[in-house]
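Visitor: I am new to this structure. Could you show me how to read it?
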Amino acid sequence: MVTQEQQSIIDHAQLQKINGWQHIKVKGTPYECGFQEGYLLADEYKDALRVYKFMTLETFGMTYEWFAEQALKLHRDKIPTRWFEELRGMAEGLTAAGIPTTTDDMIAWNDWMEITGYWWPQNAGKIMSRPLMKTHRKEHCSAIVATGSATVDGKPYLGHESFDEFWSGQYFNICKRVEPDDGYAFIMQASAPCMLSSMTDFYVTAAGLNITETTLAGFDRYDDAGMPEWVRIRDAVQYAATIDEFVERLNKGNNGGYANAWLIADHNTGEIARFEQGLEFTSLERTFDGAYFGCNAVFDPRIRNLECKDNGFNDPRQQTGARRQRWMELIDQYYGKIDLEVVKKMLADTYDVYLGYNCPSSRDICSHYDVDPQYYADDPDAVWNIPFYPAGSCDAKAAGPDDVKHLKMWGRYGRADGVEFNARDFMDQHPLWKWMDGYLEDRPTQPWTLFD
């Protein structure tokens, strides 16, 4: 039973379920925004936590609770008061909805990707009898941003799709609009309920910025003393008004966690940028005329050679190299014609440049690991180089000038090309994966949806 005061907080929020998405709108102080999200998405959080706990042990051999302890030791005292209050609100909203939760629980939940994917590979050798053979850090996402002569009207357009294992990608259905009491309002996709930042990283802000990213493949650095990435990006999204301000805020306290190539469109000026953020090295490219893309390949030679393992930059057998070539081909093909519909079409592309024909596979811009026998995989450190791995494209998002002007975005839940995933059929065809029964869900075909 919620109190009258809590109900008045909840009344300022909205939740709409549409085309596979949970579209939530929160408003107010950090605590109020957090409480609204925790209360309204309590059921979704409960199920996601159940699955994450099971998969953490299966994936790493260490429990979710153990990683939570490490997250608190490492980052609890590094979280600024404003964001700590929002996490506290989430915890108390969940508790009010019947799911007892603490602020520490929320810190650990938000820290999961960084702790398992970036801290753990650097510290596993201190705990295990031998270092990890594979990092379990996955290379996520395809993305494009274009402006000037590359687009139909000279204005910026941006699109992104997330790659992940389907057990986690099934929770990429949160679209959240935040109207804070300080800073800029924004709308974003989130990788799960009760996330301070997106983690799948697609943002439209009231400052006129449209932001996304793809991870840096093979990145192998981490600074325990720095600020978590999920804190830094939330600060940058809510308070940056320009590309320069965004980069400055994201760099403050950089710890190498969740190292990405950021694509940014400034709709006030028409300028776009690609910001690659390693740990010691960073690179900022920007233009008023042209296009940038992200495919997890690392363009800056210092980051690529000194802070990353092999990431397939020139190898069309690997998903990074193949998608790098395909993005180049698509941009040439559609140069001067890029608009919202072309961006959506690009994200759905399943042309395999290594095979030379249209074929759903791990090497496509819209990746299909679950149907790929991986005959040609050539990266011994890649976790997903397993035949018929249940992973790949989990969604698609896009925005054009009118969307950014009115704080809107487009989203498609499920694969960017709309091809459904049926968990039961997949496990029947590939019985090695039946151990995921009860944790892997269907993702049927869904249409593009406008969130405003």
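This is a predicted model: local features need pLDDT of at least 70, side-chain atom pairs count only at pLDDT 80 or more; totals for chains, interfaces and linings use all residues.

Visitor: How many helices and strands are in the protein chain?
Guide: Helices (H or I, at least four residues) and strands (E, at least two) are DSSP runs, numbered from the N terminus. The protein chain has 14 helices and 19 strands.

Visitor: What share of the residues is buried?
Guide: Buried means under 20% relative accessible area, exposed over 50%, and partly exposed in between (1.4 Å probe, protein chains only). Of the 452 residues in the protein chain, 64% are buried.

Visitor: Which kind of aromatic pair do W66 and W119 form?
Guide: Rings of Phe, Tyr and Trp (its six-membered ring) pair if their centres lie within 6.5 Å; planes under 30 degrees apart count as stacked, over 60 as edge-to-face and the rest as tilted. By this rule there are 33 aromatic pairs. W66 and W119 form a tilted one, with 6.0 Å centre to centre and 45 degrees between the planes. This pair joins helix 4 (residues 64-75), which holds W66, to helix 6 (residues 103-127), which holds W119. Both W66 and W119 are buried.

Visitor: What about F293 and W327?
Guide: Their pair is stacked, at 6.3 Å centre to centre and 25 degrees between the planes. F293 lies in strand 13 and W327 in helix 11, 34 residues apart. F293 counts as buried because its relative accessibility is 7%.

Technical notes. Residues are numbered from 1 along each chain as its sequence is written. Side-chain values use heavy atoms; hydrogens and water are left out.
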